Amino acid sequence: MFVSENLGVNAKGHLTIDGADTIELAQQYGTPLYVMDENLIRENLRRFHDSMNKFYEGRGEVHFASKAFSCMEMCRIVASEGDGLDAVSIGELYTAVKAGFPMEKVGFHGNNKSDEELRYCLEVGVGHIIVDNIPELHRLEAIAKDMGKKPHIMFRIKPGIEAHTHEKVLTGQIDSKFGFALETGEAFEAVKEAVSCGNVVFYGVHCHIGSQIFDIEPFEEAAKTMLGFIAKVKNELGYEIKGLNLGGGFGIKYLTEHDPEPFEKFIERVSAVVKAQCAELGIAQPRMYIEPGRAIVGSAGITLYKVGARKVIPDIRTYISVDGGMPDNPRYILYQSEYEAVVANKADQPRDEKVTIAGRCCESGDLIGENMPLQHAESGDIIAVLATGAYNFSMAMTYNRLQRPAVVFVKDGEARIGVRRESLDDIIRNDV
Ligand code: LLP
């Protein structure tokens, strides 16, 4: 009935998420409100790590990409499932540290890491630093020497595979701000240097081919390319690379017509390719890492808004204005991302109108979506926008000095606050 299976309709005709009545949530916590389904988050993590165990015999690790959704409670959930984290800033690291996350299960990314961030990584003992460029390697070496540490590193590699929903383009790989290029020899030269570094341990290679990818083939191609590189390093430098990190990017369902492959299938097919390639190339099977973000939290989240004005422009369109918009979900204005929406207090009725859901900012482009099928919405109704769990809260901003919404976690029908709504004092906290 809805794009995410954890949603339902109760006897009052209200939309439910994991059994919790969304209208009651909106009344209790106010709107706009992010609601996250904890059971679904856990189930998604398990789908990945269970299939890693099944198809790669437990020699894999799932690192949740915290850029998709980061807060202390999320870090606690990931930790309690035994999974790791991908962090990309000192802010994401700090969140994990404060949540008591086991830092040896964290990989730290970034194409422009500061010295402060590198020092912090060593101080808190992150598992791997994924090094992006040679000047960063030199800075890290100096910092490690100074601090008397020997961090494990991976190299971010551009494997020359660019994945979009249904196409694979083998050009443009050099034109990326991330990592070392393979085909120019840059990556090989960098590895040559790294293996002889005294202050770091060169442990693995990493690639990330894109996001919201439905096809498995580009992941298989990336794995093959990376393993070919591992074999080259072994044959020419006599050095065995132990870790292979294939990044994230697994696509999810935003609209009913989307049909992504099951996560298990990704892992099954990629594991099979890795094993076969290793046998063919005569190299040891590396420890495998993946970094799903969207796939863990995307479908687990919804956003609740209250409807204000309904504006019908005859023969043109109907605007339904809500009390949030681009500050809590900038994905339409950035990427024209499409979402499904429901009038949560009329969820048992057909969505027989097509409307534009508009945000409340002083900006015409501030829309949640256009041409969206919706029940007849009027002032005071609650609209739920579905599958907003990834890259919404984490990309939220305070344009027009709007307060960022609260995050509520729901588990077995019970709700609890995960992040409080910003107050007016939060808005002026750093003003002088
Ligand atoms: N690993 C690395 C190194 C990444 O750069 C990313 C995402 C991920 C893992 C997680 O990818 P996922 O599994 O979530 O697709 N703001 C955009 C998405 C940007 C993704 C950037 N990197 C959006 O809202 O669609």
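1. Start with the helix pair. In this predicted model, the axes of helix 6 (residues 134-147) and helix 7 (residues 186-195) come within 11 Å and cross at roughly 10°. Angles under 35 degrees count as roughly parallel, so helix 6 is roughly parallel to helix 7.

2. Which residues make that contact? On the helix 6 side you'll find I134, L137 and H138, and they meet A190, E193 and A194 from helix 7. Sorted by class, the residues of this contact come out as four nonpolar, one polar and one charged.

3. Now the ligand. It is surrounded by 19 residues, and the closest of them are S211, E291, R294, R331 and Y391. How does this shell divide by class? There are five nonpolar, eight polar and six charged residues around the ligand.

4. The side chain of S211 has an N or O atom 2.4 Å from an oxygen atom of the ligand. For G293 a polar backbone atom is involved, with 2.9 Å to a ligand oxygen. K67 brings a polar side-chain atom to 3.3 Å from an oxygen atom of the ligand. As for cover, the ligand has 580 Å² of accessible area on its own, and the protein covers 86% of that.

5. Two spots in the backbone deserve a look. Most residues other than glycine have a negative phi, and most peptide bonds are trans. Against that background, the peptide bond from T31 to P32 is cis, and its omega is near -10°. Where does P32 sit? P32 is in the loop between helix 1 (22-29) and strand 4 (33-37).

6. The other spot is Q336. This residue is not a glycine, yet its phi is positive, near 55°. Q336 also belongs to a loop, the one between helix 11 (331-335) and strand 18 (341-343). While you are in that part of the chain, recall that R331 is one of the closest residues to the ligand.

Conventions:
Residues numbered from 1 in each chain as written. Predicted model: local features only at pLDDT ≥ 70, side-chain atom pairs only at ≥ 80, totals over all residues. Heavy atoms only, no water. Axes fitted to C-alpha atoms, helices over the stretch in contact; angles between N-to-C directions. Helix = DSSP H or I, 4+ residues; strand = E, 2+ residues; numbered from the N terminus. Parallel < 35°, antiparallel > 145°, perpendicular 65-115°, else oblique. Contact = heavy atoms within 4.5 Å. Nonpolar A, V, L, I, M, F, W, Y, C, P; charged D, E, K, R; others polar. Near = heavy atom within 4 Å. Polar contact = N/O pair within 3.5 Å; in protein donor to acceptor, adjacent residues only side chain to side chain. Areas by Shrake-Rupley, 256 points an atom, 1.4 Å probe, with all protein chains shown as cover.
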